[in-house]
Amino acid sequence: MAAAPALKHWRTTLERVEKFVSPLYFTDCNLRGRLFGDSCPVAELSSFLTPERLPYQEAVQQDFRPAQVGDSFGPTWWTCWFRVELTIPDAWVGQEVHLRWESDGEGLVWRDGEPVQGLTKEGEKTSYVLTDKLGEEDPRSLTLYVEVACNGLLGAGKGTMIAAPDPEKMFQVSRAELAVFHRDVHKLLVDLELLLGMAKGLGEDNQRSYQALYTANQMVNVCDPAQPETFPVAQALASKFFGQRGGESQHTIHALGHCHIDTAWLWPFKETVRKCARSWVTVVQLMERNPEFIFACSQAQQLAWVKSHYPGLHARLQEFACRGQFVPVGGTWVEMDGNLPSGEAMVRQFLQGQSFFLQEFGKMCSEFWLPDTFGYSAQLPQIMRSCGIRHFLTQKLSWNLVNSFPHHTFFWEGLDGSRVLAHFPPGDSYGMQGSVEEVLKTVAKNRDKGRTNHSAFLFGFGDGGGGPTQTMVDRLKRLCNTDGLPRVQLSSPERLFSALEGHSGQLCTWVGELFLELHNGTYTTHAQIKKANRECERILHDVELLSSLALARSAQFLYPAAQLQDLWRLLLLNQFHDVVTGSCIQLVAEEAMCHYEDIRSRGNKLLSTAAAALCAGEPGPEGLLIVNTLPWKRTEVLALPSPGGAHCLGLIPSSGDSAQHGLCSCSHPHLTAAPAAPAACVYSAGASADLASRPPPTKTDGSVTLDNGIIRVKLDPTGRLTSLVLVASGREAIAEGAVGNQFVLFDDVPLYWDAWDVMDYHLETRKPVLGQAGTLAVGTEGGMRGSAWFLLQISPNSRLSQKVVLDIGCPYVRFHTEVHWHEAHKFLKVEFPARVRSPQATFEVQFGHLQRPTHYNTSWDWARFEVWAHRWMDLSEHGFGLALLNDCKYGASVRGSVLSLSLLRAPKSPDATVDMGRHEFTYALMPHEGSFQDAGVIPAAYSLNFPLLALPAPGPAPAAAWSAFSVSSPAVVLETVKQAETSLQGRKLVLRLYEAHGSHVDCWLRTSLPVQEAVLCDLLERRDPAGPLPLRNNRLKLTFSPFQVQSLLLVLQPAPS
Ligand SMILES: [Zn+2]
C-alpha cells in the first residue's frame, strides 16, 4: 500500500474523520451511509387506535385498518397498535436482517404474543433484529405487532419538557421497512467514534490524543465504504490501538447498565407499567447477546407491575437474576422522596421492598439506590443499616446550586451515629452513553481519586426509561483497558462497593443530612397531596395499633394483614420522588388523590372493624369508644357528636395510665357539654369551678385576648398576634415591636424547574399581607374553647379565613386556616418573630430532630434558606423557646429570630392547575419554658397530628378504661404497634420505639397485654440473635442512645378459646 502523506493539520484531520462517520453529512459516500444495505418495505401494515391501554390478547383481536408510512395517529395518551406483516427476500440469506421502525411515541414490539423489544427514536432504538444471520431454512414471513404509546420518553409537554402536557399532540410513523444490517460497519463506527473522543478529550498536549487521531485518519485512508473487503485492515488498526494497555495504577470504572424510570412524573402511573416492559425487555435482549453485561434495576413496585402484566418477561428477569446479570437494587418499594415521608413510612419502603426482592429474586438488596431524589434525611443511615444495607448510591447532590459536595466516596454518618459507605458516580449522571468524554469526566471529577481508584458509571437512557443500547455496551467493552484512559469494566454494584470498601481506611466522613441545594419548593408544592400523605400515615398508624389491640384482646379477630399491606404499598407508591413532592403532571396528581381516598375510606373501615372487636364481649354501656393512639396521657377538648348531627365539646381526661395508648369508654354521646357560655370564654384545665376565675373575654379596640391560664394570646383587629405570654412566668414570646401570624407573599419565579424550585432571590420580594381592621370576631363555642375568627384578602383573587382556637388545658394556640388560592407564581408563608435569640433552630425529621443555622454566615448556611421539617420546629435560647407545629406542612425556615412556615405555592409547570382552589390546614404555636424536650413540644406536635378518636361503638363499649402500653421515659416514643410480618394471623406483635430527645436513656416498657416472650428485632423484623429480653411483671427494660430506633417482637400468649 502506498504510504499516505502524513499531514499535520489537527483540525482538518479531526473533522475529516468526523465527516466519515457523520449521520448528517456525506452519507452518500461515508461509512455511516453504509450501515444498512438493501431494504424493502414491509409486506402489509395495518393499525388500530384506542384511548385505552389494552392487554396484547385483547388488542390483537380488534379491527385493524390498512395503514401506511406517513400516517398520523393520536392524540396524547392514546395507543396505536400496528400489525406488521413481513416477507424477507430470499436474496438476504446469510445476512443480518432488521426491521427498521421510526415513529413518534414509544413503541413495543410483540412477537408470538410476547414483548421482545422497545422502539423509541429518543432512546436510540429504531431497529429490531429479526435475525443475526438469515438461514436457508428460516421462515421468510412473519407477523409482528408494534404497540405505540402516544407520548414521548419524557411525556408530552407543550413546548418545553416540563410544560403541562399538550392533550392534542399527534404522532407519526415515518419508517417501517426491512433492511440488511452491516455489523462490520457498525463496529468500525464505534471504533472511530471512540478514537475521535480520545483525540478531543485528551487534548492537544497529550501524546495519546495524537495517536488516536492518526489511527483514525489512517483507518479512513484504508477503508473504502463501498468495498467491505477493506474493512478488516481498518479494524486491525483499531484493534492494535485499543490493545495497547494502560498502566497498573489506572483508575477503574465500573460500568453498570441502568434505566431510571420515574414511577409517575410527566406521564401517568399506568404508562410507567408499559415503560418498564419496553425498557426491560430490551435489557433482556442485551443480556442475552452480551453475557458480561450487568443491569441494575431498582423499585420493587415496578417489578411487581411487570410480574402481573407481563409474567413471561418477569420469568426471564428472574432467570437473568440467577445468572447475576439482572441485579435488583435499592431495597425499597419505590425510589421515594428522601425528606417528606415519615420515619415509619421509610421503614416500610424497605420492609415491603426487601421482602418482595427476597420472594421474587431469592435475595435482598445490599445497597440503597436513590440516584434522583431531592435530598436525604439524616436518619437514613440508621434505617438502612437496620434493613440489612451498608451501601448507598446517588448522584443528585451534583445538582447543588451553591456548594459543590466535597466527596464522591465517603462514609455517611446519620443522626444516631450509624455509618454507611456512600458513592456518588462522579460523572454526575445516571444516564451515561459510554462516550470517552464521560469516561474521562468520571475520573477528572472524582474528588476521592488517589484514596480509592474506583468509580461507578451508570449508563442507559433514563427518567422516562429506555435503558442501555447495544452501541453503549460495544463502546464500553472496547475501552476495557487501553492506554490513556481508565480501565472500564462491565461491573455489578457488589463488585463496585467491595472495591470501594477495600480502600475505606482513607475515606472521609460526612455527618448529618445530605441536603440538596435545589428543589426546595417541593416541600410545599401540591399541598393537597402532602396533606393526604400526612393523614394517611396517621390512619395506617391508628389502624395498625387498634387492630393489634383487637388481636391481643379477641380470639375471633383476624388481623387485616393483606389489606394493610395493600394500603401501605399504595401510600409508599405515592411517596415516589415526583409524586409526594408535587412535581408531577395533573393526571398523576388526580390519580394520587384517588389513591389517598382509597386509603382513607378503606382505612377508616378497618378502624371501625377493630373498634367493634374491642367492644365485643365486654359489659358496659353503649356509646362511643374514645381511643388515644399515642403513648402518653392526654387531656383534651374533643368535639363529640350530639343528637341532631351537631357537635358538642367534651373534655376527655386521662388519669393514671388509663388513656395511654389505650381506650376509655364514653357512655354519653357528649361528655361535659358546656352550657351556652359567652363566646370566646375559655376555662382553665381543671374543675369547672374555675369558670369564674378566668378573665372574661376581652375585646377592646377591636382586638381580642384569649387566655386559658397557661398561655395568653392577643390578636390585633386584623388577626395578627401582638402578644403571646406564658401566664405563669409572664414571659412574652413575640419579638418586641413585631407581630406574629403575619402572612407574607413572595414572587416565586424560579430559573427553570417551576414546581421544584424556589430561588434565594424570592426573599427579596417579601410583601406582608395587610388585613382590614374590624374583621376580627369572637367565636361562639362556649365553655372549654375560646376562639376568634377573621377574614383576610390576600390579593384581588385569593382570600383566607382563620379561626384562632385556644382550649382549656392546652399549651398551644391553634390556627385553623382556610385559603381560597388563585395565584400565579406567588408563595404564601406565615411568620412569627420570636423574642428568642439563637444561632440555630431545631426541626423535626424522621425519628428525631436536627439543628440548622438561623444565619447566613457561609454559603452552606444561606443555601439552606428554605428547609424541610415534619410536625414541628423550635427556636430556643436558654430557658425559653417558641415552637411552631403543623398538621400537614413541610416547608419552613428560621432566619434570625423569625420562624416561618411555608403554606402555598403557585407554579404552573408541569401541572398548570396545581394548588389552585380551596385549602385547609392547621398550625399551632407553643411558647415554653426550659428546653423543648422538657416542655413537651414533641408530644404536643403528636397530639395535633393524632387527634383522639371517637369511634361509634356498635356494641357495648368496655366499661373500664384500660391502657395497653406505657413507657417510663418521656424521651422514648412508642411510634408503631403492628402485627409481625412473619407470622400472618399469628399472635406476634412488633413495637417500634425511638429516642426522641437526643439522649442516652434507660426506660421501662409496661404492657397489659398477655406477652409470652419479648425479643429485639431489626427493622425487617428479624430476631436479635442475643435472644429474649427478661420480662418481669409485664415490664421490660430498654436502653437507648440518642435517636436510636428499636423494634421489639412480642409473642402473645395463645388466645383464650
Ligand atoms: Zn427520577
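In strand β3, R65 is the bridge partner of S47, and this pairing belongs to the 2 bridges over which strand β2 (residues 44-50) and β3 run side by side in the antiparallel sense. The two strands are part of an open sheet of 6 strands, whose order is β3-β2-β5-β10-β7-β8 and whose pairing is antiparallel. At the edges of this sheet lie β3 (65-66) and β8 (114-119), each of which pairs on one side only.

The model described here is predicted, and its confidence should be kept in mind while reading the details. The protein chain averages a pLDDT of 92, and 92% of the residues score at least 70. Over residues 655-696, however, pLDDT stays under 50, although the model has 130 contacts beyond four places in sequence for this stretch.

Strand β31 is largely enclosed by the rest of the structure, because 5 of its 6 residues are buried. It is joined by 6 bridges to strand β37 (residues 826-833), and the two run antiparallel; within this pairing, the bridge partner of F746 is F827 in β37. β31 also pairs with β32 in the antiparallel sense, here over 2 bridges, and in that pairing V744 stands opposite P768 of β32.

The loop between β31 (742-747) and β32 (767-768) holds Y752. Is Y752 buried, partly exposed or exposed? With a relative accessible area of 39%, Y752 is partly exposed. Together with L401, V402, L751, Y761 and W862, Y752 forms a nonpolar patch on the surface, and the accessible area of these residues together is about 560 Å².

In strand β51 (residues 1001-1007) the side chains alternate along the strand, with V1001, C1003, L1005 and T1007 pointing to one face, where they are buried.

**Salt bridges**

The structure holds 56 salt bridges, and the table lists some of them.

| Salt bridge | N to O distance |
|---|---|
| R992 and E344 | 2.7 Å |
| E1013 and R1023 | 3.3 Å |
| R1022 and D1018 | 2.8 Å |

The side chains of R992 and E344 meet in a salt bridge. This pair links distant parts of the chain, since R992 belongs to strand β50 (residues 988-995) and E344 to helix α9 (residues 343-361), 648 residues apart. Which side of the 20% cut-off for burial do these two residues fall on? R992 counts as buried because its relative accessibility is 0%, and E344 counts as buried as well, because its relative accessibility is 6%.

The side chains of E1013 and R1023 also meet in a salt bridge. E1013 is in strand β52 (residues 1011-1017), while R1023 is in the loop between β52 and β53, 10 residues apart. At 23% relative accessibility, E1013 counts as partly exposed, and R1023 is likewise partly exposed, with a relative accessible area of 41%.

T442 has its place in helix α11 (residues 436-445). How accessible is T442, and is it buried or exposed? T442 is buried, because its relative accessible area is 0%. Which residues is T442 in contact with, leaving aside its neighbours within four places in sequence? They are I253, P426, G427, M432, S455, A456 and F457.

Definitions and conventions
Residues numbered from 1 in each chain as written. Predicted model: local features only at pLDDT ≥ 70, side-chain atom pairs only at ≥ 80, totals over all residues. Heavy atoms only, no water. Helix = DSSP H or I, 4+ residues; strand = E, 2+ residues; numbered from the N terminus. Buried < 20%, exposed > 50% of the residue type's maximum accessible area, 1.4 Å probe, protein only. Contact = heavy atoms within 4.5 Å. Patch = residues over 30% accessible without salt bridge, like charges linked within 9 Å, V, L, I, M, F, W, Y side chains within 5 Å. Areas by Shrake-Rupley, 256 points an atom, 1.4 Å probe, with all protein chains shown as cover. Salt bridge = Lys/Arg side-chain N within 4 Å of Asp/Glu carboxyl O. pLDDT = per-residue confidence, 0-100. Pairing = 2+ DSSP bridges.
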